[in-house]
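Subject: Handover of a structure

Dear colleague,

Please find below the sequence and the structure that I am passing on to you. My notes on what was found follow directly after.

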Amino acid sequence: MKIVDLSRELYHRTPSYPGHPPVMHGVWKTHEESFAESGNVHGLASMFISMVDHAGTHIDAPRHFGKNGISIDEYPLEKCIVPGICIDLRHIAPRAEITPADLEAAVAKAGVPVPKGGTVLLCTGHHERTFPRKEYSSDNSGVNVAATEWLAQQGIVHFGIDSMRPGPEGKVNALVHKACLDLDITHIESLCNLEALLGRGQFTFIGLPMKWRGGTASPIRAVAVFDM
């Protein structure tokens, strides 16, 4: 079995979505402090973290798209362990829209069909090109509404992308989120290392969210598993 990690590292002030609060991560108690409090028996270190539920590699809950959508604690776990493929869209220009024709061509090039009830990971090369520079938060390519509809028509439960948003920055991105609600699918943002999946065929995608009551999203440890 081979596991490929597709998750961004979380650390203090890791790049966050524009307008979101920063990730705060620090020491709560050192080994030495805990050792003294234990009466010199044994010290146990601990840390704290404060972050928005859209921090790092994460899956959006339908609640993010609209008030009537389900929250992340209600999202079916069956949709978090699914067959997946990765397609190469690195030739698409920064900030450009990915169209249905682009997806069809990339799937044909991959030589494997879109798995029903599965996921499609879109390797745009954006993370590899820009992270952690400021361009990471703005210059991504992304699907338009028609491409989102095309993905849904293939029977997927979600799709993923190696940038902070599924669509190009601006109006198109907002409409892609709305389309996900209307189409009853979702998406995974801020993936990385998708290049390692290209040309390797189908895999099992695993990305389990935390059980945050009423959450609009959740960080996940996203992995692709081969020969499971």
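A polar contact is a pair of N or O atoms within 3.5 Å; within protein, one of the two must be able to donate a hydrogen and the other to accept it. Please also keep in mind that this is a predicted model.

With that term in hand, let us begin with Arg 63. The side chain of Arg 63 comes to 2.7 Å from the backbone oxygen of Gly 69. Arg 63 belongs to helix 2, which covers residues 62-65. Is Arg 63 buried, exposed or partly exposed? With a relative accessible area of 31%, Arg 63 is partly exposed, because the buried class ends under 20% and the exposed class begins over 50%. Apart from neighbours within four places in sequence, Arg 63 is in contact with Gly 69, Ile 70, Ser 71, Glu 74, Gly 214, Gly 215 and Thr 216. Ala 105, by contrast, is 42 residues from Arg 63 in sequence and 32 Å from Arg 63 in space, C-alpha to C-alpha.

Next comes the overall division of the chain. Domain 1 spans 18-51 and domain 2 spans 58-226. The centres of domain 1 and domain 2, taken over C-alpha atoms, are separated by 34 Å.

The largest nonpolar core has 23 residues, and Ile 87, Leu 103 and Leu 122 touch the most other members. Two or more residues each are given to this core by strand 5 (81-88), helix 3 (100-110), strand 7, helix 5 (145-153), strand 9 (158-161) and helix 6 (171-183). Which element supplies the largest share of this core? Helix 5 does, with 4 residues. Apart from this core lies another, of 22 residues, which includes Ala 61, Ile 72, Tyr 75 and Ala 222.

Not counting residues up to four places away in sequence, Leu 103 touches Ile 87, Leu 89, Ile 98, Leu 122, Ala 147, Trp 150 and Leu 151. Leu 151, in turn, lies in helix 5. Leu 151 has a relative accessible area of 0% and is therefore buried. Its contacts, leaving aside neighbours within four places in sequence, are Leu 103, Val 120, Val 143, Ile 156 and Phe 159. Between Leu 151 and Arg 213 there are 62 residues of separation in sequence and 29 Å in space, C-alpha to C-alpha.

Thr 124 is another buried residue, at 0% relative accessibility. Where does Thr 124 lie? Thr 124 is found in the loop between strand 7 (119-123) and helix 4 (126-130). Its side chain makes a polar contact with the side chain of Asp 162, at 2.5 Å. Asp 162 is also one of the residues that Thr 124 touches when those up to four places away in sequence are not counted; the others are Leu 89, Arg 90, Ile 98, Arg 129, Ser 141 and Ile 161.

The last topic is charge. Side chains of opposite charge can pair when their charged atoms come close. How many salt bridges does the structure hold? There are 7 salt bridges in the structure.

One of them joins Arg 221 and Asp 5, with the closest N and O atoms 2.9 Å apart. This pair links distant parts of the chain, since Arg 221 is in the loop between strand 12 (217-219) and strand 13 (223-226), while Asp 5 is in strand 1 (residues 2-5), 216 residues apart. Arg 221 is exposed, with a relative accessible area of 58%, whereas Asp 5 is partly exposed at 29%.

Arg 95 takes part in a salt bridge with Asp 139 (3.0 Å, N to O). Here too the pair links distant parts of the chain: Arg 95 lies in the loop between strand 5 and strand 6 (97-98), and Asp 139 in the loop between helix 4 and strand 8 (142-143), 44 residues apart. Arg 95 also meets Glu 169 in a salt bridge (3.4 Å, N to O). Glu 169 lies in the loop between strand 9 and helix 6, so this pair ties together parts that are 74 residues apart in sequence. Arg 95, at 46%, and Glu 169, at 41%, are each partly exposed. Together, Arg 95, Asp 139 and Glu 169 are linked in a network of salt bridges.

With kind regards

Note on methods: Residues are numbered from 1 along each chain as its sequence is written. This is a predicted model: local features need pLDDT of at least 70, side-chain atom pairs count only at pLDDT 80 or more; totals for chains, interfaces and linings use all residues. Side-chain values use heavy atoms; hydrogens and water are left out. Buried means under 20% relative accessible area, exposed over 50%, partly exposed in between (1.4 Å probe, protein chains only). Contact means heavy atoms within 4.5 Å. Domain bounds come from an automatic or database domain assignment. A nonpolar core is a set of buried Ala, Val, Leu, Ile, Met, Phe, Trp, Tyr and Cys residues joined through side-chain atoms within 4.5 Å. A salt bridge is a side-chain nitrogen of Lys or Arg within 4 Å of a carboxyl oxygen of Asp or Glu.
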